[in-house]
Amino acid sequence: MKHVGPYECGRTIGSGASSTVKEGKHTKTGEKVAIKIITKMQRRKRLSDALFEAEVSAMKVIQHPHLVSLHNVLRDDKVYYMVLEWAQGGDLLDQVSERNDQDR
């Protein structure tokens, strides 16, 4: 199992054009988290750094009960890792689609 700082990375729970999200667990506390893994773009490193910093800055200031919180930020030469609060219930898009189907 891959380790990122004090976290173990488990199964992939989602992916998109620029990132993958894995189930994670803090190795000492056992806290379940989501780990968003963003590969740095080699040709556009400055743009990649700026986009990542903008996302982190926004997540640090926005606090809302319906949004996951940012626990930690880690990085290495090739990858950014955002350690996020674990949200029960699965994929948000699936939940919204299911609700829309139920309302019809």
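Is Y80 buried or exposed? In this predicted model, Y80 is buried, with a relative accessible area of 1%, and this residue takes part in the one aromatic pair that is counted. The rings of F52 and Y80 have centres 3.9 Å apart and planes at 10°, and because planes under 30 degrees apart count as stacked, the pair is a stacked one. Since F52 belongs to helix 1 (residues 45–61) and Y80 to strand 6 (residues 79–85), the pair ties together parts that are 28 residues apart in sequence.

| Residue | Relative accessible area |
|---|---|
| F52 | 2% |
| Y80 | 1% |
| K36 | 16% |

K36, which is placed in strand 4 (residues 32–39), counts as buried because its relative accessibility of 16% falls under 20%. The side chain of K36 is joined to that of E55 by a polar contact of 2.7 Å. Beyond its neighbours within four places in sequence, K36 is in contact with S19, T20, V21, E55, Y80, Y81, M82 and L84, a list that includes Y80 of the stacked pair.

The strands themselves make up an open sheet of six, ordered 1-2-3-4-6-5, in which the pairing is antiparallel. Strand 1 (3–4) and strand 5 (70–75) are the edge strands, each of which pairs on one side only.

Methods. Residues are numbered from 1 along each chain as its sequence is written. This is a predicted model: local features need pLDDT of at least 70, side-chain atom pairs count only at pLDDT 80 or more; totals for chains, interfaces and linings use all residues. Side-chain values use heavy atoms; hydrogens and water are left out. Rings of Phe, Tyr and Trp (its six-membered ring) pair if their centres lie within 6.5 Å; planes under 30 degrees apart count as stacked, over 60 as edge-to-face and the rest as tilted. Helices (H or I, at least four residues) and strands (E, at least two) are DSSP runs, numbered from the N terminus. Buried means under 20% relative accessible area, exposed over 50%, partly exposed in between (1.4 Å probe, protein chains only). A polar contact is a pair of N or O atoms within 3.5 Å; within protein, one must be able to donate a hydrogen and the other to accept it, and residues adjacent in sequence count only if both atoms are side-chain atoms. Contact means heavy atoms within 4.5 Å. Two strands pair if DSSP finds at least two bridges between them.
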